[in-house]
Amino acid sequence: MSVTVALAVSPDEPFSFQEVELGPLRDDEVRVRIVASGICHTDVAVKEQSVELPLPMVLGHEGSGVVEAVGSGVRNVAPGDHVVLSGDSCGVCRKCHSGLPSYCDEFVERNLTGLRVDRTSAMSAGGELVRGRFCGQSSFATHCVAPARSVIKVGKDLPLELLGPLGCGLTTGVGTVMNALRPPSGSSIAVFGVGTVGLSAVIGAVLTGCETIIAVDMHEARLAMAAELGATHCLQAGENVAQAIVELTGTGADFSVECSGNPMAIEQSVACLGRPGWCAQVGAPPAGTTMPMDMGHLGYGRGIRGVVLGEASPQTFVPYLASLYRSGRLPLERFVRYYDFADIDQAVRDSAGTGEVIKPILKMS
Ligand SMILES: [Zn+2]
Ligand SMILES: [Zn+2]
């Protein structure tokens with residue numbers, strides 16, 4: 001069948017709307033009619049090539065939609081189901097078996113090439129292959145073919161067009177705090193960069209009973225939203241932030257989450273830690289970024305480590321986030337703005353602007 005995609009071609013060109021052919025399903029695949037898709041910073045970073053993945057590719061990895069057809073081996077969803085799409089994993093390696101599919105041995109092949117593991121694609125144009133499986137989905141499209149493991153059923157009582165970001169941004173933010181850092185109640189935590197992931201980390205900190213929750217950002221609007229969602233202190237990003245956090249907490253923060261990818265913020269997210277203290281590095285710094293570390297500082301029980309996709313199993317974590325939304329504890333609707341699919345370039349520009357548009361969501365119809 002013929003479907004419409006917004007193809008990322010190069011950093012300098014706008015997204016290119018094209019008709020492509022969607023091929024038949026394999027046994028373990030699902031065809032989804034995309035209802036909406038969030039735009040995540042990673043999509044923009046790939047389009048702009050600060051994260052260097054092959055282009056052209058159909059990006060988008062926060063899709064939500066309705067299942068249209070399933071392969072003969074698919075058991076977790078059926079036609080008509082409402083679903084959220086998330087990253088792909090093999091399901092059989094040691095990492096997948098220990099509940100850490102975001103560190104799957106095949107993570108790169110399955111999520112970052114835009115192709116199936118055997119280097120084929122369900123999408124083609126004029127007989128030429130189109131990279132159409134970014135993060136198991138390529139949701140900047142009216143339809144996609146996704147592996148069943150990327151497709152998660154959600155309740156029909158929920159607003160489907162809102163739910164796509166559960167599959168990446170919210171899983172990453174809430175999951176980094178809940179699954180990776182696991183702060184004991186009463187902890188202090190600093191969150192650097194309060195876009196969607198950082199705001200979700202603030203929510204994760206509230207849910208795990210953190211007492212002091214410090215949000216750091218350059219945008220007033222985002223800090224105001226962080227305060228609404230439970231941040232106890234808000235700091236304007238700048239040179240003296242680490243010292244301010246040490247003074248605020250008395251001995252330094254127990255935990256930090258770095259979501260901006262900004263090298264100065266990464267340095268501060270370690271410098272602000274108490275003894276002991278852990279920093280989760282989540283933001284994507286520019287390719288090739290290296291950083292000197294004060295080993296005397298780290299030596300006192302401090303550390304930094306990268307965290308991918310909140311170290312969550314999407315098939316169980318996304319429904320959990322959906323239930324948090326249902327009960328009002330994850331008020332995603334307060335930081336999204338909807339755009340028509342045709343306005344994807346405008347949505348990307350707005351999200352990079354003043355900080356007022358935190359999570360753009362494209363509506364496909
Ligand atoms: Zn993402
Ligand atoms: Zn695996």
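Strand E3 pairs with strand E18 (residues 359–363) through three bridges, and the two strands run antiparallel. Helices (H or I, at least four residues) and strands (E, at least two) are DSSP runs, numbered from the N terminus, and two strands are taken to pair if DSSP finds at least two bridges between them. Within this pairing, alanine 36 stands opposite lysine 363 of E18. The structure is a predicted model, in which local features need pLDDT of at least 70 and side-chain atom pairs count only at pLDDT 80 or more, while totals for chains, interfaces and linings use all residues. Residues are numbered from 1 along each chain as its sequence is written, with chains lettered from A and ligands numbered from 1 in the order in which they are written.

E3 itself, spanning residues 29–38, is mostly covered, since nine of its 10 residues are buried. A residue counts as buried if 20 or more other C-beta atoms lie within 10 Å of its own, as exposed if 12 or fewer do, and as partly exposed in between, with C-beta atoms placed from the backbone.

Turning to the helices, the axes of H4 (residues 169–181) and H10 (residues 314–326) come within 10 Å and cross at roughly 90°. H4 is therefore roughly perpendicular to H10, a label that covers angles of 65 to 115 degrees. Axes are lines fitted to C-alpha atoms, for helices over the stretch in contact, and angles run from 0 to 180 degrees between N-to-C directions. Leu170, Thr171, Val174 and Gly175 of H4 meet Pro314, Phe317, Val318 and Leu321 of H10, where contact requires C-beta atoms, placed from the backbone, within 7 Å. Six of these residues are nonpolar, two are polar and none is charged. Ala, Val, Leu, Ile, Met, Phe, Trp, Tyr, Cys and Pro count as nonpolar, Asp, Glu, Lys and Arg as charged, and the others, Gly among them, as polar.

At the domain level, the protein divides into domain 1 (2–167 + 331–363) and domain 2 (172–309), with bounds from an automatic or database domain assignment. Their centres, taken over C-alpha atoms, are 28 Å apart. Contacts involve 17 residues of domain 1 and 12 residues of domain 2. On the domain 1 side, helix H1 (residues 41–47) gives the most, with three residues.

Terms used
Angles under 35 degrees count as roughly parallel, over 145 as roughly antiparallel, 65 to 115 as roughly perpendicular and the rest as oblique. Two residues are in contact if their C-beta atoms, placed from the backbone, lie within 7 Å.
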